[in-house]
Amino acid sequence: MADKYNVEEAEALAKRALHLPITQATPIYEQLLSLYPTSARFWKQYVETQMAVNNDDATKQIFSRCLLTCLQVPLWQCYIRFIRKVYDKKGAEGQEETTKAFEFTLNYIGTDIASGPIWTEYITFLKSLPALNPHEDMQRKIALRKVYQRAILTPTHHVEQLWKEYENFENSVNRQLAKGLVNDYQPKFNSARAVYRERKKYIEDIDWNMLAVPPTGSSKEEVQWVAWKKFLTFEKGNPQRIDTALSTKRIIYVYEQCLMCLYHYPDVWYDYAEWHIKSGSTDAAIKVFQRALKAIPDSEMLKYAYAELEEARGAIQSAKNLYESILGVSTNSLAQIQFLRFLRRAEGVESARKYFLEARKSPSCTYHVYIAFATMAFCLDKDPKAAHNIFEEGLKRYMTEPVYILEYADFLTRLNDDRNIRALFERALSTLPTEESAEVWNRFVQFEQTYGDLASILKVEQRRKEALFGKGEEGSPALDSSLQDVVSRYSYMDLWPCTSNELDHLSRQELLVKNMNKKVEKTNQPHGSATIGSVASSSKVVYPDTAQMVVYDPAKKSGIEFSSSVKPVAASASNIFQSNVTATATHVSANTFDEIPKTTPPALLAFLANLPHVDGPTPNVDVVLSICLQSDLPTGQTAKQSFTAKGNVPSQNDPSGPNRGGSQRLPRDRRATKRKGSDRQEDDDTASIQSQPLPTDVFRLRQMRKARGISTSSQTPTGSASYGSAYSGELSGSTG
């Protein structure tokens, strides 16, 4: 479809045809117009080529093919030129034919906003007609007055110019009579001028040269669709408050112009037909549907809409022909079902039954047809026995279709036939594969919970668990009775025997049980770490063993012991990473984590080494951001050299270290000495920060201002004071 409607290729072919002889250009134009029959631009180019070689017969034939479907002013101007060329030299007969051509043209496109030049040309032509006697002169002036009065009521680009010409014309004929006529038409002209200004806004976004192609969803097409919809809505509102006949004519004209661009849009055709129906013109709507199916012959939507119209007006045979045409193109279940319904409405039950007996033999017949016809027999024909027989017949073919089983169960439920419902579930569940039986099991449980006794409820629930989760070992959580089962038994519609919080809690617990079972299965696998290693080596990516993950528990933090003295960072960046992980999950194999630092970039190791100890799962955001902003994130040997230059990481006994705020405190004199040292360090750090280029990021600027001690204590988070001098270059000056 995309290759067939290649707009760029079509444009290139049209340009190429301009430079070819008429015999070679004609096949190209015919090919283009077979794909784009509403392109007024291609039609105009084609007809001008014929006119250039004075091929009048071919020109007339082309105009007869395109004029009434391509309502665009340039093409109709070309038609006027051709008529005048042929008849201008034929005297009175030619003048009469030319007058008819002008009236024919204005009757179709006289309401176009761009039709001003045609009105002006027609008036000029009438003025040029010879008047041999006063009677003929009077007839000519009357004709001119009528044309002027029609033109000044049409919202066109030339409406003001035409109004001035009309005033001059009336004054030249009779000044006294002119005053009365001008005063009568002044309000009408003002209304036309106001509508023109509004109409102009709606057509500015319309691409009049757009080639009609099937919808592709492009933004350009959507813009054009919206622009046409707005224009149609504007015209339907009758803004000029003209009579109904003229307003209807304008709306039809806009629809026809819209279809020149949106020729392959079924919604536009449908709206056009529906508008005719609402206006009381059913015959016009039928013609629109016929044209629509010629434009989009594969549209089932339009065929159904057309058949609906024919059925509504009593044309049963026409509607039946449309349904049969749908079946002839695509024999699917939907078409069969819709034809069944139509036959039952139009011809009765027997006709529908005969077609069902024929349709069920079709290879394309599915369980939908059985369900539809059985429901029709039960609900419309009030024949439960026939419906039961149809369901039973379909069950022989569609026993493995869960949807069919559930529909059959619903039918039996309406009959209060609990015995056959249980038998149906048993037959179906013995045949259905396990992976497709969940919905049927759930409906079986729901049925027992509604209509069965307690023993049958518990029995079916247990059978469902065993069927869906396997029998497993005795005491398996999947087979144990849970509180969720109680909630399921004693809930009804949107009523629950618990609060929403309790229901949410039970759902989380059920999820945790499932995850726990998965973790247990992974733990029981031999050589778990070796499996992870093989996967990592095969894909060059180290994947964590999620089975070894533990939930953070602050109560267990006291059990984690850290070394009182930490080795220099330069020598143990990877060891720090490994020791922290080991402290969190001590039971993980050391060999597994030895591989992680090897694949970790040095810059990331350097960053991790600078991070302080965190009391909880969430670190202080300002501290981490300040470290990120002041770190150069070196790579390779640069990171090791920078860490070696800094020396040892402060120990736990250092108040400026990670555990400041603990039970140990420094003497006053040592704290004063430390404060002086930190002040000097702050000056050095401030100088180094000031030497850096000004950041453009506002957030980064705020963080650097904090690092320089500019922010007040109220702006500095409490946590940032705990790690000031050691990790962030004295973030706050108010920690003393």
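Which residues does L343 touch, not counting residues up to four places away in sequence? In this predicted model, L343 touches K320, G348, S351, A352 and Y355, where contact means heavy atoms within 4.5 Å. The place of L343 is in helix 17. L343 is buried, with a relative accessible area of 3%. Buried stands for under 20% relative accessible area, exposed for over 50%, and partly exposed for values in between (1.4 Å probe, protein chains only). Y323 lies 20 residues from L343 along the chain, and the C-alpha atoms of the two are separated by 9.9 Å.

Residues are numbered from 1 along each chain as its sequence is written. Local features need pLDDT of at least 70, side-chain atom pairs count only at pLDDT 80 or more, totals for chains, interfaces and linings use all residues, and side-chain values use heavy atoms, with hydrogens and water left out.

The protein chain contains 35 helices and 0 strands. Helices (H or I, at least four residues) and strands (E, at least two) are DSSP runs, numbered from the N terminus. The chain has 736 residues, of which 38% count as buried. Of the contacts between residues at least 6 apart in sequence, 55% join residues at least 24 apart.

Two packed helices are described by the angle between their axes and the distance between the axes. Axes are lines fitted to C-alpha atoms, for helices over the stretch in contact, and angles run from 0 to 180 degrees between N-to-C directions. Helix 17 (residues 333-346) packs with helix 18 (residues 349-359) at an angle of about 160 degrees, and their axes are 7 Å apart. This makes helix 17 roughly antiparallel to helix 18. Angles under 35 degrees count as roughly parallel, over 145 as roughly antiparallel, 65 to 115 as roughly perpendicular and the rest as oblique. On the side of helix 17, the contact is made by Q336, F339, L340, L343 and R344. Helix 18 contributes V349, S351, A352, Y355, F356 and A359.

Helix 13 (residues 266-278) has 13 residues. From its first C-alpha to its last, helix 13 reaches 18 Å, close to the 18 Å expected at 1.5 Å a residue. The expected span is 1.5 Å times one less than the number of residues in the helix. V268, W269, Y272, A273, W275 and H276 are the buried residues of helix 13. They cover an arc of only 155 degrees around the axis, which puts them on the same side of helix 13. The arc is that of the directions from the helix axis to the C-beta atoms. The buried residues of helix 13 pack against helix 11 (219-236), helix 12 (244-261), helix 14 (282-295) and helix 15 (300-312).

Helix 13 and helix 14 pack at an angle of about 170 degrees, with their axes 8 Å apart. Helix 13 is therefore roughly antiparallel to helix 14. In this pair, W269, Y270, Y272, A273, H276 and I277 of helix 13 meet A284, A285, V288, F289, R291, A292 and A295 of helix 14. Helix 13 is followed by G280, whose phi is positive, near 90 degrees. The end C-alpha atoms of residues 266-299 lie 7 Å apart, and the span is 79% helix and 0% strand.

The loop between helix 12 and helix 13 holds H264. H264 is buried, with a relative accessible area of 9%. Leaving aside its neighbours within four places in sequence, H264 is in contact with Y5, A212, V213, P214, P215, A295 and I296.

Helix 22 (residues 418-429) has 12 residues and reaches 17 Å from its first C-alpha to its last, close to the 16 Å expected. Its buried residues are I421, L424, F425, A428 and L429. Seen down the axis of helix 22, these residues fall within an arc of 115 degrees, so they line one face of the helix. They pack against helix 20 (384-395), helix 21 (402-414) and helix 23 (438-451).

Positive phi values also occur at N54 and K382. N54 is not a glycine, and its phi is about 60 degrees. N54 is in the loop between helix 3 (40-52) and helix 4 (56-66), and at 53% relative accessibility N54 counts as exposed. K382, a residue other than glycine, has a phi near 55 degrees. K382 is in the loop between helix 19 (367-380) and helix 20, and at 62% relative accessibility K382 counts as exposed.
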